[in-house]
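Open the model in your viewer and keep the selection tool at hand. The stops below say what to select and what to look for there.

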Amino acid sequence: MAVSQIVADKRGLKKLLKDATRLKVYEGEPRDLMGKMYISITNEYKDKNPHIVFTQGRWNANEGGEYEIRIYVPMFKIDNHDVINRRYLNKVYIAIYNAIKDRFGDNFHFCNHHLDTWNPMAKFKFYIQIPNFKDET
């Protein structure tokens, strides 16, 4: 039984993120509060291991969709200062970027990068605009 394009796109992105990073990937649920603010009710704060949460924003059956991607990594202390492993975070981000580029060529856009830090996790979020995940036959 065929699935709708919107479901196929979510599944395709989740698989792409998981295959590219080997991290656990959760799907967040969007809520429209004060514009297009995304609030997730997944386990994104409970999982203390590195993981990714994505939330689908605007979507079009012909043109693709917008997604918010959040990468969570643990923080640690050095000399009483909270620190994140920026090299690891960058490695995960580059893996996602390269996987998107390999899948869609130059037909995508990354924007609005933002890092939030708090103990015990740091959150790096950004937005992507990508085409639909259609079978290439």
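Begin with helix α2 and select R87, K91 and D102, the exposed residues on the face turned away from the helix's buried side. Exposed means over 50% relative accessible area, buried under 20%, and partly exposed in between, using a 1.4 Å probe and protein chains only. Helices (H or I, at least four residues) and strands (E, at least two) are DSSP runs, numbered from the N terminus.

Before going on, note that this is a predicted model, in which local features need pLDDT of at least 70, side-chain atom pairs count only at pLDDT 80 or more, and totals for chains, interfaces and linings use all residues. Residues are numbered from 1 along each chain as its sequence is written, and side-chain values use heavy atoms, with hydrogens and water left out.

Next, select the buried residues of α2: L89, V92, Y93, I96, A99, I100 and F104. Look down the helix axis: these buried residues fall within an arc of 125°, so they line one face of α2. The arc is taken from the directions that run from the helix axis to the C-beta atoms.

What do the buried residues of α2 pack against? Show α1 (5–21), β2 (51–60), β3, β4 (81–84), β5 (109–117) and β6, which are their packing partners. Contact here means heavy atoms within 4.5 Å.

The last stops are salt bridges, each a side-chain nitrogen of Lys or Arg within 4 Å of a carboxyl oxygen of Asp or Glu. The count comes to 7 salt bridges.

Select K101 and D106, whose side chains meet in one of them at 2.5 Å, N to O. K101 is partly exposed at 32% relative accessible area, while D106 is exposed at 65%.

Then select R70 and E68, a salt bridge at 2.2 Å, N to O. Is R70 buried or exposed? R70 is buried, at 3% relative accessibility, and E68 is also buried, at 2%.
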